[in-house]
Amino acid sequence: MSRVFVLVALGFFSCGGTAQTRRSFPVIVSAVPGVLRTDSGWTVTLSSARASLSTLRCFSGEALARRPFDPLGWLVSSAWAHPGHYVAGAALCEVLTPVDVDLLAPETTWADAAAVTGTYGSVQVAFGDTGLRLAGTATRGADVVAFDTGDVVPPAAVEGIPFAHLVDTSVGRLRLAVDLDALLSRVDFTEVGAGASPLDPSSPAFNGVARGVRDSSAYVVTWESQP
Amino acid sequence: MSHPRLIAVACVLAWARAARAHEDGDELLDAGAADVQAPAAPRASPAVDSTPDAGGLAPTGPPAEPPSYDAPDAGAPLGTTVVRASRAPRSASEVTVPLDVVQAAPRSGATDLLRLVPGLVASQHSGEGKAQQLFLRGFDAVHGQDVELLVAGLPVNDVSHVHALGYADVNWLIPDAVREVRVTEGSYRAFQGDFAVAGTVQYELGLDEPGLSLSASYGSYNRLRLFAGVRPTDAPETFAAVEYVQGDGFGPQRAFGRVSLLGQATLKVGNARLRAVVGSAGARFDSPGVVPQAAVDAGAGFFDVFGLRQGGSTSRHQLLLGAELPHESGRTTLEVYGVLSDLLLRNNFTGYLQHAEGDGLEQQQSLGLVGARAVHRRHFHPFDSLVTLDLGLGGRRDGIHQSQRGYREVDGAPYRDDFAASIVQTAVSAWTEVAWLPSRWRFMLGGRLDVLHYGVTDELAFAGAGATRSAFGPHWGLKAGVERALGEAWRLFLNYGDGFRSPQARSLSDGERAPFVHVRGAEVGTAFTTAKVDVRGALFGSYVANDVFFDHTVGTTVYVGSTLRGGAQATVSARPLDGLLVAASVTGATAHVIETDSLLPYFAPLVARVDASYAHPFQAWGLTWTPRVGTGLTLIGPRPLPYDEFSRTVFLADVRAALRVGRVELVLDVQNLFDSRWRDGEFVYPSNWEPQGTPSLLPARHFTAGTPRTFAATLEVHL
């Protein structure tokens, strides 16, 4: 009897819900397709690209790494914080299951993210023990360099990957795409000589890869709605 | 006729006359006192003087059988019994909880005293010493920001408190010294001040019996309570009482101890009635923190500790001096008061979420408060009708020093200063109520003006050099009511009122016009009152234009825009048979954010409470034997939580059995009779108690464990 009373009363006084709700969605990992060309003119062909990912988290804080095009901004300019001023904010989604990803495969399903609805602003990705490892050849004119980066493990999670999206209860999935072109853009294979396997961790080439892994602009996060 | 019955009859007569006075426009009603003289019974206490305050309230039940001032063995001289009836209520939700309801069920402390308020949920989520979290009429009042609390005229809510706005700690209140609880829900009366958003609760003090009362109580978890009180026979509101309580608590890191001294003295000098209230209290308490539900799911205990070194200590010293000066057409009341209080509080609700060293917060607050108020009441008789005028003036100065710093979880060492501030907050208020009583109608129009001034010194600004800022702002509120009497027992009410809540001083910028949270409330209700039963019903609603949701567990403030609250409340108080008392209330409420059409989290949609007792005195072997049983039942429906979740339903049953033989009484109390594993508080927020692991940072369910079944035996001696 008392249970019925409670239910009836709640139906009257608690109709509706609070503003946000819990949900889940799949997280897909892939590489951004396209030619890989470094800033120093090397064209890279990968024979192997593997990433060991440990966690992915979404946050409410916006990543203000890029200034969107705003015509009015030319007239009335406003200051934008650089990425170092990024504030993560509240956690809105997370995948805590480690995964090994073949970035040469079309896509890899990581896991279902536990999430809540809300306005997302950015994503954080942490690498596992073996980080990222790329192997292949770099070509510039007649010069051909075979390389293997070895395990490149960033010292901390990559924060502030832009992902401005209102996640509601609609069906969809989140895609994390690694932009290998951007990631390798700093590497000058001239220093590598005829080849190195793996790259000397103290070499400028390895440092270029390590910087690329830590660069939040080397990752593209998008929401793919599904019917 | 026996003495208690004679007193009862006198009270009924007084009440009936007051009711008639109301309907006939008799000025006695609004003079605030209906003096009825009845021939005194042998051994009667010479005076029963229940003086209404500016709020003027009536009992929830018939004012018969007030056992509080029975003095069968007092040996008082013969004389005249003067009964001063309470004034009629001005809305359906103005109620007074009388002493016999207070005594019906076990009241082990302030949380139980707060549960006497119809519709109010009191959660004690951080040990026996921290202010309770309050929920009333769709408001999550946190630690008091939406409920104004007063004890014998002394303000309890702390303005600009370091832990939570309106922080209202009543743990120092001695249950035995509470004579009645006056509840004014809503904000429809002009005397209601800062924080009276959902309502005002006034505790009035007095001891039940004249002479010396001693009691000792021992119960579960080594809870020891000692009490001593003394009350002169001929001054029922005069008393002195002291309480000492200590215990291990019902789980680890829950030990506590407190001592409280309270006294009140009243004295008649000519026509004037002088009153003084004094109090001193100190407490120390541990707190186990908040338990993540995920940890319990993984095997942690329901009563486990999360976060070491949590708890705190408090002290409070207070004084009120008042004078009531009657005159031909009314009366004037003058009061000055002061409060000195200190609080040290350590909390860590989030583990290592924000800081690798731990998120523990140590908050300190020292308060010195002085204030004064004057209320002038007057009656006019234009055109053969009655007009009453109430004028109130008040001012108070709060001198506050507060600070917050982070401490390391591993050893408790402070490692981070968050803020330190000195605040001087000044409030000046003026209010008035004008009522016109033609025939069976009563029309009331009132207003209230509050002006706040803030001076803040941020001591850590500019690398410790400090920075000062000040703010200022007025608030104006309208009060209105219409009342219609239908016959002898039935009344209809329609009320409107603007309430407000002052802002936190530290949140103000220099020169800012102090922003008040402004609430507009309305209510329609009815009351049916006879000598044996009092039934009330009300529909209420309130609108807040720019509401704020403060999550005190993580210290975030979210502006949620316009909010709308509404609900219904019903209360019943009945004494159908000699010795039998039943008081019950049920309140349903809802709270919506208008823009998103979503529920506000945490409010209490359904609260029901029943207090019942039965006493049957008889004579045997030359002594008066009084067996007594009582129960208190509490039902709290599931509360909405963030992310479309709901808390669990709470049902608690407390029982009391007592036997008094002559001057000795033995009381056995059982609280949470069915040993429910209930969650006193439930929250949804992120925390991290695995600093070395890969924790989830998503908002998750947390709870504070409610008290399991406890037993207590009390031996009382009345000399």
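These legends go with a few close-ups of a predicted model.

**View 1. Strand 1 of chain A lines up with strand 6 of chain A.** Here residues 22-31 run antiparallel to residues 108-116, and eight bridges hold the pairing on record. For a handy landmark, look for Ser24(A), which sits across from Ala114(A) of strand 6.

**View 2. Strand 6 of chain A also pairs with strand 4 of chain A.** Strand 4 covers residues 91-95, and its pairing with strand 6 is antiparallel too, with two bridges. Ala114(A) turns up again in this view: Glu94(A) stands opposite this strand 6 residue. So what links neighbouring strands in a sheet? Strands pair through backbone hydrogen bonds, in either a parallel or an antiparallel way.

**View 3. An open five-stranded sheet in chain B.** Read across, the strand order is 4-10-11-8-9, and the pairing is mixed. Strand 4 (94-97) and strand 9 (154-155) are the edges, each with a pairing on one side only.

View 4. Pick out Glu94(B) and you'll find its bridge partner, Thr184(B), in strand 10.

View 5. Of its 719 residues, 61% count as buried. Among contacts between residues at least 6 apart in sequence, 67% join residues at least 24 apart. Chain B exposes about 25800 Å², with carbon and sulfur atoms supplying 62% of that area.

How values were computed. Residues are numbered from 1 along each chain as its sequence is written. Chains are lettered from A and ligands numbered from 1 in the order in which they are written. This is a predicted model: local features need pLDDT of at least 70, side-chain atom pairs count only at pLDDT 80 or more; totals for chains, interfaces and linings use all residues. Side-chain values use heavy atoms; hydrogens and water are left out. Two strands pair if DSSP finds at least two bridges between them. Helices (H or I, at least four residues) and strands (E, at least two) are DSSP runs, numbered from the N terminus. Buried means under 20% relative accessible area, exposed over 50%, partly exposed in between (1.4 Å probe, protein chains only). Contact means heavy atoms within 4.5 Å. Accessible areas come from the Shrake-Rupley method with a 1.4 Å probe; for residues, only the protein chains shown count as cover.
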